[in-house]
Amino acid sequence: THPLPFPTPPPPEVPVRLTNGTSECSGRVELLHLGSWRPLCREFWDRRGADVVCRQTGCGRGRSTTAGSAVPVLGPFWVVLMNCTGEHKEIRLQGGGSRCIGRVELYSRDAWGTVCDDSWGLGAAAVVCRQLGCGHALRATNGSRHGRGRGPIYLDEVRCRGDEAYLWKCPSQPWAQHDCGHKEDAGVECSGKVALLFLC
């Protein structure tokens, strides 16, 4: 895939998306060109472009950008990764000793919270592992196996098919409505990081 030499910021009529991030508002910048999504490379990138992309995706303003620090590509180009400041959700694993094992925590409105283990299963674990780039799900854990979290409990009765892009897209109780305590915090154990190579 060849990088796109668009000026910064990208023209407003060009569809933009963020991919392979931990939320809808972070990830690799791609533009739709001639029917296919292609990466925007760093020599055409600056903070002004980040602000435009964040606005176009409904994600506030650009918070940080990095070029080439995460995923190398063949040739003289590096993929652009970025984050936005807009209200969005993020995900992480805590208490398991590695970034691919632990208690599931979600970030929303400036606070990290947890997920209740009611109805928690391998479908949900598969979504979490894939979302974090941690391979496939080995097991879904419950009963605060990886320690009790703090703060809000954001999701309860999560019933994922396993093919959802984000955990919060799975069927569940309404956001932050639950009948759980932190003794029921859900977790996952994933196979490990997947090495990805994106070609420009």
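Author: What follows is a set of questions on a predicted model, each answered from its values.

Reader: What makes up the chain, and in what order along the sequence?

Author: The chain has two helices and 11 strands. Along the sequence they follow the pattern β-β-β-α-β-β-β-β-β-α-β-β-β. Of its 200 residues, 48% are buried. The accessible surface is about 9,900 Å², and carbon and sulfur atoms hold 50% of that.

Reader: How do you know that strands S6 and S7 are paired, and in which sense?

Author: Pairing requires at least two bridges between the strands. S6 (residues 90-98) and S7 (residues 101-108) have seven bridges, in the antiparallel sense, so they count as paired. One of the bridges sets Gln-94 against Arg-103 in S7. A hairpin of two residues leads from S6 to S7.

Reader: Why is the contact between Arg-92 and Glu-105 called a salt bridge?

Author: The criterion is a side-chain nitrogen of Lys or Arg within 4 Å of a carboxyl oxygen of Asp or Glu. For Arg-92 and Glu-105 the closest N and O atoms are 2.8 Å apart, so the pair qualifies. Arg-92 lies in strand S6 and Glu-105 in strand S7, 13 residues apart in the chain. Arg-103 joins Arg-92 and Glu-105 in a network of salt bridges.

Reader: Are the two ends of that pair, Arg-92 and Glu-105, buried or exposed, or in between?

Author: Buried means under 20% relative accessible area, and exposed means over 50%. Glu-105 has 6%, so it is buried.

Reader: What makes Glu-30 and Arg-17 a salt bridge?

Author: The closest N and O atoms of Glu-30 and Arg-17 are 2.8 Å apart, and the limit is 4 Å; the pair therefore meets the criterion. The pair links distant parts of the chain, with Glu-30 in strand S2 (residues 26-33) and Arg-17 in strand S1 (residues 16-19), 13 residues apart. Glu-30 has a relative accessible area of 3% and is therefore buried, while Arg-17, at 33%, is partly exposed.

Reader: How many salt bridges does the structure hold?

Author: The structure holds eight salt bridges. Another of them is Glu-157 with Arg-159, where the closest N and O atoms are 3.2 Å apart.

Reader: Why is a set of residues called a nonpolar core, and which residues have the most contacts inside the largest one?

Author: Such a set consists of buried nonpolar residues joined through side-chain atoms within 4.5 Å. The largest has 26 residues, and those with the most contacts inside it are Val-104, Val-115, Trp-120, Val-128, Val-158, Leu-167 and Val-188. At least two residues each come from S6, S7, helix H2 (122-131), strand S10 (153-155) and strand S11 (187-190). H2 gives the most, five residues.

Reader: Which residues does Val-128 touch, leaving out those up to four places away in sequence?

Author: Val-128 touches Ile-91, Leu-93, Val-104, Trp-120, Leu-167 and Val-188. A separate core of six residues includes Leu-18, Val-29, Leu-31 and Val-53.

Reader: What share of the contacts with a separation of 6 or more joins residues 24 or more positions apart?

Author: The share is 65% of those contacts in the chain.

Key
Residues numbered from 1 in each chain as written. Predicted model: local features only at pLDDT ≥ 70, side-chain atom pairs only at ≥ 80, totals over all residues. Heavy atoms only, no water. Helix = DSSP H or I, 4+ residues; strand = E, 2+ residues; numbered from the N terminus. Buried < 20%, exposed > 50% of the residue type's maximum accessible area, 1.4 Å probe, protein only. Contact = heavy atoms within 4.5 Å. Areas by Shrake-Rupley, 256 points an atom, 1.4 Å probe, with all protein chains shown as cover.
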